[in-house]
Amino acid sequence: MTGHPAPAGRRVRYEKKDHVAHVTLDRPDVLNAMDLRMHEELAQVWDDVEADDAVRVVVLAGAGDRAFSVGQDLKERARLGEQGAPATTFGSRGLPGWPRLTERFTLSKPVLARVQGYALGGGFELALACDLIVASSDAVFGLPEARLGLVPGAGGAFRLPRQIPLKAAMGHLLTGRRMSAARALEYGLVNEVVPAERLDGCVAGWVEDLLACAPLSLRAVKEAVARSLDLPLPDAFTADYVWERRRRSSADAAEGPRAFAEKRPPRWRGN
């Protein structure tokens, strides 16, 4: 992943340009392992992403070419345990950075994970919480928590069985076996797999397509999908969706059909 490193001492690089927020986990020397300080910084980033209407799409990546993230900083976790900190469990309530992306169920902007190299443990769980995943052919996914006396507490135990067949998910959760990018693509867990040298171009193509859509439509669709997954189909049609109410009454709802009729590109305002 190219770009300038985060300022000295910071764990996350955050850049906004042309309606895209680029969020980079920036600890390449430890394969972008996530310590408590990184979680605190990420929470500030997600707050800003949601508040800034100029941001329409988020690209989440890991610094370097070896890993997206290998998850929890286990050396820090060991030190905290020696100091008497309680063991981790499902969810992060009460911990630095809460709610983390894995528990930000109302984040309305689409998030695309750019995965190169290892996405293990909490790193895989972070990718699972994204709306889209584009991976390099050398990407490796896995949830090794059971081999470490832990549980996949950032949502892996809940999201993986919802995103691939149950028996396949259990196979990975109960053994810690790793999953190749090719197998992830077979499961439909990732949207596209390309050679590493084409990864940035592929991500750029997805971002271009996302930006071609009306911002409020993206937010309305994301909310409707997330909220309706566990609803009976008749209830899904009659549920109240906040972002759909906003889209329906927006200028963009009229701009799309008007631009089509006038044979010109739409000019989205996001309101």
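## Lining of the largest pocket

In this predicted model, the lining of the largest pocket comprises 23 nonpolar, nine polar and ten charged residues. Here Ala, Val, Leu, Ile, Met, Phe, Trp, Tyr, Cys and Pro count as nonpolar, Asp, Glu, Lys and Arg as charged, and the others, Gly among them, as polar. The lining has 42 residues, and Ala129, Asp131, Arg159, Ala226 and Leu229 lie nearest the centre of the pocket. A pocket is an open set of points on a 1 Å grid over the protein atoms alone, where a 1.4 Å probe fits, with protein on both sides within 12 Å along at least five of seven lines; lining residues have an atom within 4 Å of a point.

The space in the largest pocket is about 1300 Å³, a volume being the space filled by probe spheres set on the points, with grid points joined across faces, edges and corners.

## Elements and domains around it

Helix 8 (215-228) is among the elements that each supply at least two residues of this lining, along with strand 7 (132-136), helix 4 (156-163), helix 7 (199-211) and helix 10 (242-248). Helix 8 gives the most, eight residues. Helices (H or I, at least four residues) and strands (E, at least two) are DSSP runs, numbered from the N terminus.

The largest pocket lies between domain 1 (12-211) and domain 2 (213-262), because both give residues to its lining. The domain bounds come from an automatic or database domain assignment.

## The second largest pocket

About 900 Å³ of space lies in the second largest pocket. Its lining has 45 residues, with Gly71, Gln72, Thr88, Gly122 and Glu125 nearest the centre. By class, 21 are nonpolar, 14 polar and ten charged.

Helix 1 (36-51), helix 2 (74-82) and helix 3 (122-128) each supply at least two residues of this lining. Helix 1 gives the most, with five.

## Overall fold

The protein has eleven helices and ten strands. The C-alpha atoms fill a box of roughly 65 × 45 × 35 Å along the principal axes.

Of the 271 residues, 44% count as buried (under 20% relative accessible area, 1.4 Å probe, protein chains only). Among contacts (heavy atoms within 4.5 Å) between residues at least 6 apart in sequence, 64% join residues at least 24 apart.

## Basis of the values

Residues are numbered from 1 along each chain as its sequence is written, and side-chain values use heavy atoms, with hydrogens and water left out. Local features need pLDDT of at least 70 and side-chain atom pairs count only at pLDDT 80 or more, while totals for chains, interfaces and linings use all residues.

Note on methods. Buried means under 20% relative accessible area, exposed over 50%, partly exposed in between (1.4 Å probe, protein chains only).
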